[in-house]
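Dear colleague,

I am handing over the structure below, followed by an account of what was found in it. Please read the notes alongside the model.

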Amino acid sequence: MSKVHHLVGAALACVLATSANAQLLQHKDLSNAIATTIALTAVDACKEQGYNVSVHVVGRNGEVLVGLRHHAAGVNTFENSWKKAYTARTFRIASGKFAENVGQNPVAGQLFLANIVAARGALPIMIGEETIGAVGVSGAPGGDKDEVCAQAGIDKVKDQLR
Amino acid sequence: MIKTTVGIATLASACSVAIGAHAQLVTVKQLSLPIAATIGTTALQTCKAQGYNVSVHVIGNMGEVLVALRGDNTGPHTMENSMRKALTSRGTRLPSGQFAENVSKTPNAGALRLGNMIPARGALPIKAGEDVVGAVGVSGAPGGDKDEACAQAGIDKVADQLK
């Protein structure tokens, strides 16, 4: 019992600082299998509606996990889907929501960060409240339609996102 | 003006293959996303089944990325490396390992100075008959020969669609 008190004391003393008992961080990341399923599902969902799109899935650090270019998608879509995904991951919100937020302020600082784009079509991938990545879609005639396909990709693996 | 017209007409008839009035559009075969995705995922899974975590790139005829896959627990460089191997293979129309062998005797080879070229084994050209339509590059296995085997498995999977 006194040992427990010691531990509690130590934890309190060092709760914010580094200590000999500091632990490594643990978190859950998207696997290649889940990321690939999200991306392929998003491509197929748009294809079913007659839209040829490119898709990117990025991980916790914005790193590309999967990139897919549809053979009939526009040239810019590959880059755009990546930037949308990166934007959604960075701000932990739908890229369309970000676009809405900065719509009132064309000189918002965030718009000057590299690879940030104010365009709808990407959604953060969450475990509960935690953002672990994002999926971005580009190529449908309208960001709202891109976003629907991104959502379809996430929905497909929702059982595995925990 | 007349002189110019006659000159052009002469040139055109001399080079009718190149710029004649009857010149046709070039018809090329292009990898589709479903085929490219199958190549990419098959290569990744083949290596995984052997215990190697790899990243894979499949690129198209103009070097554009069609499929990029980052494997679980791969080194951070494997994405860039698999892309550059694939570009090297497409550019030279050779296995990137063959290119590496070729330039090993000529370290000043101009090809080594081109953007993204890398003398490293692990990528293969994707061919429809004799035409190169793209390339697949793999990085992450302990040895380019092992990367290359997974690239080959990806191509083999769609062999009957590559025509």
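In chain B, N116(B) is found in the loop between α5 (96-103) and β3 (123-128), where helices (H or I, at least four residues) and strands (E, at least two) are DSSP runs numbered from the N terminus. The phi of N116(B) is near 75°, which is a positive value in a residue other than glycine. With 13 C-beta neighbours inside 10 Å, N116(B) counts as partly exposed; by the definition used here, a residue is buried if 20 or more other C-beta atoms lie within 10 Å of its own, exposed if 12 or fewer, and partly exposed in between, with C-beta atoms placed from the backbone.

Before going further, a word on conventions. This is a predicted model, in which local features need pLDDT of at least 70 and side-chain atom pairs count only at pLDDT 80 or more, while totals for chains, interfaces and linings use all residues. Residues are numbered from 1 along each chain as its sequence is written, and chains are lettered from A and ligands numbered from 1 in the order in which they are written.

A positive phi also occurs at N73(B), a residue other than glycine, where the value is near 55°. N73(B) sits in the loop between β2 and α4 (78-92) of chain B, and N73(B) is exposed, with 10 other C-beta atoms within 10 Å.

As for chain B as a whole, it has 6 helices and 4 strands, and from the N terminus on its elements run α-α-α-β-β-α-α-β-β-α. Of the 163 residues in chain B, 44% are buried. Among contacts in chain B between residues at least 6 apart in sequence, 66% join residues at least 24 apart, a contact being two residues whose C-beta atoms, placed from the backbone, lie within 7 Å.

Turning to the interface, the contact takes 17 residues from chain B and 15 residues from chain A. On the side of chain B that touches chain A, α3 (33-49) and β2 (65-69) each supply at least two residues, and the largest share, 5 residues, comes from β2(B). That side divides into 10 nonpolar, 4 polar and 3 charged residues, where Ala, Val, Leu, Ile, Met, Phe, Trp, Tyr, Cys and Pro count as nonpolar, Asp, Glu, Lys and Arg as charged, and the others, Gly among them, as polar.

Strand β2 (residues 64-68) of chain A and β2(B) run antiparallel and are joined by 3 bridges, and strands are taken to pair if DSSP finds at least two bridges between them. Within β2(B), V67(B) is the bridge partner of L68(A).

With best regards
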